[in-house]
Amino acid sequence: MSTSPLAAVLFVCVHNAGRSQMAAGFLSHLAGDRIEVRSAGSIPGDQVNPAAVEAMKEVGVDIADAKPKILTTEAVQASDYVITMGCGDACPIFPGKKYLDWALEDPAGKGVEAVRPIRDEIKTRIQALIAEIDAKQEA
């Protein structure tokens, strides 16, 4: 069996400090090495939102060492799926990629109580994404 990933997924939000980091954390946690995971932001923040880190820690996913990264054309080109979370037109479009826009509330400036429902919605979407990627592999 091949050890190469089934797909490469890039999560993009403006600051790469909340939604995209939680999504990347869940995908890495739930899919392991089966799916290559990247995240980036059009205007990266200085650090990952502490409330997002805490909310993820509550469900056993550690994103404390994650660092916001700038969105690059290369990252988009190297990905099969590009999932935006509020970055709008800052994301370059290339043929052959699957683009999804997940309308999710921005956790910036919110406490952990407000971040939990966003985290849970992201987890649900990640589980559906993994199922879609697995189904494509089996087809």
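1. Two rings of Phe, Tyr or Trp make an aromatic pair if their centres lie within 6.5 Å. Keep that in mind while looking at this predicted model, because a search of the whole structure turns up 1 such pair.

2. Who is in the pair? Phe 11 and Trp 102, with ring centres 6.0 Å apart and planes at 50°. Planes under 30 degrees apart would count as stacked and over 60 as edge-to-face, so this pair is tilted.

3. The pair ties together distant parts of the chain. Phe 11 belongs to strand E1, whereas Trp 102 is in the loop between strand E4 (98–101) and H4, and 91 residues separate them.

4. Are these two residues buried or exposed? The cut-off for buried is under 20% relative accessible area. Phe 11, at 0%, therefore counts as buried, and so does Trp 102, at 8%.

5. Phe 11 also turns up in the largest nonpolar core, which has 32 residues. Along with Val 9, Leu 27, Ile 126 and Leu 129, Phe 11 touches the most other members. Elements giving two or more residues here are strand E1 (7–13), helix H1 (19–31), helix H2 (50–58), strand E3 (81–84) and helix H4 (112–138). H4 gives the most, with 8 residues.

6. Setting aside neighbours within four places in sequence, Leu 27 is in contact with Val 9, Phe 11, Gly 32, Ile 35, Val 37, Ile 126, Leu 129 and Ile 130.

How values were computed
Residues numbered from 1 in each chain as written. Predicted model: local features only at pLDDT ≥ 70, side-chain atom pairs only at ≥ 80, totals over all residues. Heavy atoms only, no water. Core = buried A, V, L, I, M, F, W, Y, C linked by side-chain atoms within 4.5 Å. Buried < 20%, exposed > 50% of the residue type's maximum accessible area, 1.4 Å probe, protein only. Helix = DSSP H or I, 4+ residues; strand = E, 2+ residues; numbered from the N terminus. Contact = heavy atoms within 4.5 Å.
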